[in-house]
Amino acid sequence: MLIRILFLSLFLILNGCITKDVFVDQDLTLKFEKAMKYYNKGKYNKARDEFNGILILDNGSRLASQSQYYMAESMFELKEYDEAAISFDKYIRFSNDNQKIEVSRYRICQCSINSLNSYQRDQSQAQIALKQFQIFIEDYPESEYIVDAENSISTLRTQLAQKEYESGRLYLKQEEYESAIIYFQSVLNQYYDTPIADEARIAIVFAHILNNNRLGARNYLESQNEKFFSKNKFIEAKTLLKETKGGLTLSQYYKLYK
């Protein structure tokens with residue numbers, strides 16, 4: 001009799017757990033379907049909250065991984081880039097879906113570059129974004145996002161070059177010409193393939209002129225003759241050297257502060 005009672009009790013407990021799991025799965029399925037309806041209609045605020053609710057209820061459920069991904073996508077659409085990057089990273093760590101992992105990796109890159117405005121185009125943040133895109137290209141050389149990733153890298157490199165160039169111009173205004181040249185040369189060393197490179201070459205010529213070193217300006221310009229991307233920029237530098245032979249005019253000084 002005791003054995004029968006114990007067996008019946010065990011059966012009821014197991015049956016209750018199974019029934020509970022079934023109800024939980026059904027409830028989560030309904031919540032997921034509701035969340036996806038919001039997502040597909042572009043109601044990303046509501047979608048994000050519904051997906052997050054699923055994760056809170058059962059982070060280990062079969063729908064949790066999908067909810068993590070679509071919650072991250074919702075955050076991305078809402079321009080919540082920092083939060084989206086964190087959510088995509090969580091998805092990557094616990095997912096086996098290679099296609100969505102690739103998309104998530106690229107989204108993290110996009111979040112990084114889109115977050116630059118929040119950091120006032122902070123140089124270190126731009127470097128992080130640049131590195132992320134470079135790693136993505138290395139890991140997914142056949143990705144459909146390659147062209148966009150390469151364009152983003154080009155944009156970031158130009159921004160970083162511009163930042164370095166403006167630092168050099170600041171030293172020019174402070175009449176610290178050697179320091180200015182170091183920054184302009186840094187543009188050429190690190191960002192030689194950007195549109196800022198020719199501007200840096202002209203600025204080095206200008207720095208030598210301001211420092212009363214016309215011979216240095218002439219020698220430098222001659223050494224860079226074949227390195228200018230734009231022939232017009234080379235002519236601009238040559239004209240600057242020629243027209244400042246008798247001293248700088250007001251308009252030429254304006255070049256320093258424009």
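Which residues does Phe-76 touch, not counting residues up to four places away in sequence? In this predicted model, they are Tyr-81, Ala-84, Phe-88, Arg-107, Gln-110, Cys-111 and Asn-114. Phe-76 lies in helix H3. With a relative accessibility of 13%, Phe-76 falls under the 20% cut-off and therefore counts as buried. Phe-88, one of the residues touched by Phe-76, is twelve residues away from Phe-76 in sequence. The C-alpha atoms of Phe-76 and Phe-88 are 9.6 Å apart.

The overall architecture is helical. The protein has twelve helices and zero strands. Along the sequence, the pattern reads α-α-α-α-α-α-α-α-α-α-α-α. Of the 258 residues, 41% are buried.

Two packed helices are described by the angle between their axes and the distance between the axes. Helix H3 spans residues 64–77, and helix H5 spans residues 98–114. H3 and H5 pack at an angle of about 30 degrees. Their axes are 11 Å apart. Angles under 35 degrees count as roughly parallel, so H3 and H5 are roughly parallel to each other. The crossing of H3 and H5 is left-handed. On the H3 side, the contact involves Gln-66, Tyr-69, Tyr-70, Glu-73 and Phe-76. These residues meet Lys-100, Val-103, Ser-104, Arg-107, Gln-110, Cys-111 and Asn-114 of H5. By class, the contact of H3 with H5 comprises five nonpolar, four polar and three charged residues. Among the H5 residues in this contact are Arg-107, Gln-110, Cys-111 and Asn-114, and Phe-76 touches each of these four residues.

Aromatic pairing was examined across the whole structure. The search finds 15 aromatic pairs. In one of them, the rings of Phe-76 and Tyr-81 have centres 5.6 Å apart. The ring planes of Phe-76 and Tyr-81 stand at 70 degrees, so the pair is edge-to-face. Phe-76 and Tyr-81 are both buried. Phe-228 and Phe-234 also form an edge-to-face pair. For Phe-228 and Phe-234, the centre-to-centre distance is 5.5 Å and the angle between the planes is 70 degrees. Phe-228 and Phe-234 are both buried. One aromatic cluster comprises Phe-32, Tyr-39, Tyr-44, Phe-51, Tyr-69, Tyr-70, Phe-88 and Tyr-91. Tyr-69 and Tyr-70 of this cluster are also H3 residues in the contact with H5. Phe-88, another member of the cluster, is touched by Phe-76.

A further helix packing involves H7 and H8. Helix H7 covers residues 146–173, and helix H8 covers residues 177–190. The axes of H7 and H8 come within 7 Å. They cross at roughly 165 degrees. Angles over 145 degrees count as roughly antiparallel, so H7 is roughly antiparallel to H8. H7 passes H8 in a left-handed crossing. H7 contributes Arg-157, Ala-161, Glu-164, Tyr-165, Ser-167, Gly-168, Arg-169, Tyr-171 and Leu-172 to the contact. H8 contributes Tyr-177, Ser-179, Ala-180, Tyr-183, Phe-184, Ser-186, Val-187 and Gln-190. The residues of the contact of H7 with H8 divide into nine nonpolar, five polar and three charged.

Key:
Residues are numbered from 1 along each chain as its sequence is written. This is a predicted model: local features need pLDDT of at least 70, side-chain atom pairs count only at pLDDT 80 or more; totals for chains, interfaces and linings use all residues. Side-chain values use heavy atoms; hydrogens and water are left out. Axes are lines fitted to C-alpha atoms, for helices over the stretch in contact, and angles run from 0 to 180 degrees between N-to-C directions. Helices (H or I, at least four residues) and strands (E, at least two) are DSSP runs, numbered from the N terminus. Angles under 35 degrees count as roughly parallel, over 145 as roughly antiparallel, 65 to 115 as roughly perpendicular and the rest as oblique. A crossing is left-handed if the near helix is turned anticlockwise from the far one by less than a right angle, and right-handed if clockwise. Contact means heavy atoms within 4.5 Å. Ala, Val, Leu, Ile, Met, Phe, Trp, Tyr, Cys and Pro count as nonpolar, Asp, Glu, Lys and Arg as charged, and the others, Gly among them, as polar. Rings of Phe, Tyr and Trp (its six-membered ring) pair if their centres lie within 6.5 Å; planes under 30 degrees apart count as stacked, over 60 as edge-to-face and the rest as tilted. Buried means under 20% relative accessible area, exposed over 50%, partly exposed in between (1.4 Å probe, protein chains only).
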